[in-house]
Structures are given as structure tokens and as C-alpha cells.
Amino acid sequence: MSVIYVIDILGTFAFAVSGALVALDKKFDMFGVLIIAFVTAVGGGMLRDVLIDAHPINWIGNLDYLYTIFIAVVFTFLFKSKIAHLSKTMFLFDTIGISVFTLLGLEKGLSFNLHPIIALIMGVISAVFGGVLRDVLTNKVPLIFEKEIYASACLAGGIIYLILNYFKVEENINFIISAAVVIIIRVIVVRF
């Protein structure tokens, strides 16, 4: 099991928790909470896979995503009052998640021989469209349309990845540097 896979699962967990929290705040029933957690966690990757005709779709090919979402929903139900106090921790998981989802989506696009610009767009879609779907389904203005830098950080990290890839920087080092760019931009923007 690779470190990137573990981070991917942790990002999925964090996204599912964020979706479940929004659904609980909107007083959704258990099924509604599961659906919102699901689309938040895997909606971006699913949309990417549909757009590039990748089969099986991300969560269909690996049931660990469904198990992770279910565990996240149960965790959110059990510890909702305590999770509210962990906003900084959730922000960190979310930021790590979008950085990893961006780069995994970008790499998947490149593996399908897409033009680098299209692969970059697929990476950003992977990272942010689960949140867009969550917000639309819960009648909120999507976060990427508000003042917070979210998709732009993903875009910057993806561009760095493509530049370093062009110069043949070793893949793991490229991934770490590019993910760090997303994380640093998000932290700096939210901090200041």
C-alpha cells in the first residue's frame, strides 16, 4: 500500500465527513447524508472518469472508497459535536485531499494520452467537483465561486507538476513538490 493511496483514502474520508456535516446541518435523513457524503468524496473523480471514458469508474473499481465513505458517515454521526471543534484538522485533511486528488486526476488524464492542458483540467475537476456537487445538492453557492482560493491552488499545483514532468523530474519528487504547492497556497491564503 503506497503513501499516496493512504493519503487518497484519508482525503476521501475527509471529503465524506465534510459532506456528511453539511447534510446533517441541513437536517437530511440518513440516506441523504450518505448521498451527500458520497458525491462529495468521489463525485469529482467520477465526473473525470466519465469525461475521459475510464472504466471502471474510480469507486466502482475499488470498494475501499465505499467502505471509507460509510465509515466516515458513521464517524460523523457518532462524533458530530466533537468534529465541529476540529475545523483546522478538517481543513488540513481537505487541503491534502485536494492536492492529492488534483495530481492523481492529472496523472490519470496523462495516462489516457490527453493533452497536458486537458489533463490539468481533469485534475482540477477531480479535486473540486465533489464539493461543487455537494453545494449544488444542498442549495449553497459552490465554494469555488466564492472568494476563497480553492480551484486556483489546484491549478497552480497542477501547472508545477506539468513543468517538472516536462523537465523529467523524478515522479515521487514531482508529486511531493506539486502537492506542497497546493497545500502552501491554501494555507497562506486562508491564514492571511
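User: In which hand does α6 pass α7, right-handed or left-handed?
Analyst: This is a predicted model. The axes of α6 and α7 (residues 151–166) come within 9 Å and cross at roughly 140°. The pass of α6 over α7 is right-handed.

User: How many charged residues are in the contact of α6 with α7?
Analyst: From α6 come Pro116, Leu120, Val124, Ala127 and Val128. From α7 come Ala151, Cys154, Leu155, Gly158, Ile159 and Leu162. By class, 10 are nonpolar and one is polar. The number charged is none.

User: At what angle do α1 and α4 pack?
Analyst: Two packed helices are described by the angle between their axes and the distance between the axes. For α1 (residues 3–25) and α4 (residues 64–83), the axes are 8 Å apart. The two helices are therefore oblique to each other. The angle is about 50°.

User: How many nonpolar residues are in the contact of α1 with α4?
Analyst: Helix α1 contributes residues including Ile9, Phe13, Val17 and Leu21. Helix α4 contributes, among them, Ile69, Val73, Phe77 and Lys80. The contact has three polar and four charged residues. Its nonpolar residues number 16.

User: Which residues are the closest to the centre of the largest pocket?
Analyst: About 580 Å³ of space lies in this pocket. Its lining has 27 residues. The elements that give two or more of them are α1, α5 (87–111) and α6 (116–137). The closest to the centre are Ser18, Met90, Asp94, Arg134 and Leu143.

User: How many charged residues are in the lining of the largest pocket?
Analyst: Asp94 and Arg134 are among the residues closest to the centre of that pocket. Across the lining, 13 residues are nonpolar and five are polar. The charged residues number nine.

User: From which element does the largest share of the lining of the second largest pocket come?
Analyst: The second largest pocket has a volume of about 370 Å³. Of its 23 lining residues, the closest to its centre are Asp8, Arg48, Asn58, Tyr65 and Leu104. At least two lining residues each come from α1, α2 (30–51), α3 (58–61), α5 and α6. The largest share is seven residues, and the element is α2.

User: How many polar residues are in the lining of the second largest pocket?
Analyst: Asn58 is one of the residues closest to the centre. The lining has nine nonpolar and three charged residues. Its polar residues number 11.

User: What is the volume of the largest cavity?
Analyst: The structure holds one cavity of 30 Å³ or more. Its lining includes Val128, Gly131, Arg134, Leu143 and Tyr150. By class, that lining has six nonpolar, one polar and two charged residues. The volume is about 30 Å³.

User: What is omega for the peptide bond that joins histidine 55 and proline 56?
Analyst: Most residues other than glycine have a negative phi, and most peptide bonds are trans. Proline 56 is in the loop between α2 and α3. The bond joining histidine 55 to proline 56 is cis. Omega is about -5°.

User: Where is aspartate 53?
Analyst: The phi of aspartate 53 is near 60°. That is a positive value in a residue other than glycine. Aspartate 53 has its place in the loop between α2 and α3.

Notes: Residues are numbered from 1 along each chain as its sequence is written. This is a predicted model: local features need pLDDT of at least 70, side-chain atom pairs count only at pLDDT 80 or more; totals for chains, interfaces and linings use all residues. Side-chain values use heavy atoms; hydrogens and water are left out. Axes are lines fitted to C-alpha atoms, for helices over the stretch in contact, and angles run from 0 to 180 degrees between N-to-C directions. Helices (H or I, at least four residues) and strands (E, at least two) are DSSP runs, numbered from the N terminus. Angles under 35 degrees count as roughly parallel, over 145 as roughly antiparallel, 65 to 115 as roughly perpendicular and the rest as oblique. Contact means heavy atoms within 4.5 Å. Ala, Val, Leu, Ile, Met, Phe, Trp, Tyr, Cys and Pro count as nonpolar, Asp, Glu, Lys and Arg as charged, and the others, Gly among them, as polar. On a 1 Å grid over the protein atoms alone, a cavity is a set of points where a 1.4 Å probe fits but cannot get out, and a pocket is an open set with protein on both sides within 12 Å along at least five of seven lines; lining residues have an atom within 4 Å of a point. Grid points are joined across faces, edges and corners, and a volume is the space filled by probe spheres set on the points. A crossing is left-handed if the near helix is turned anticlockwise from the far one by less than a right angle, and right-handed if clockwise.
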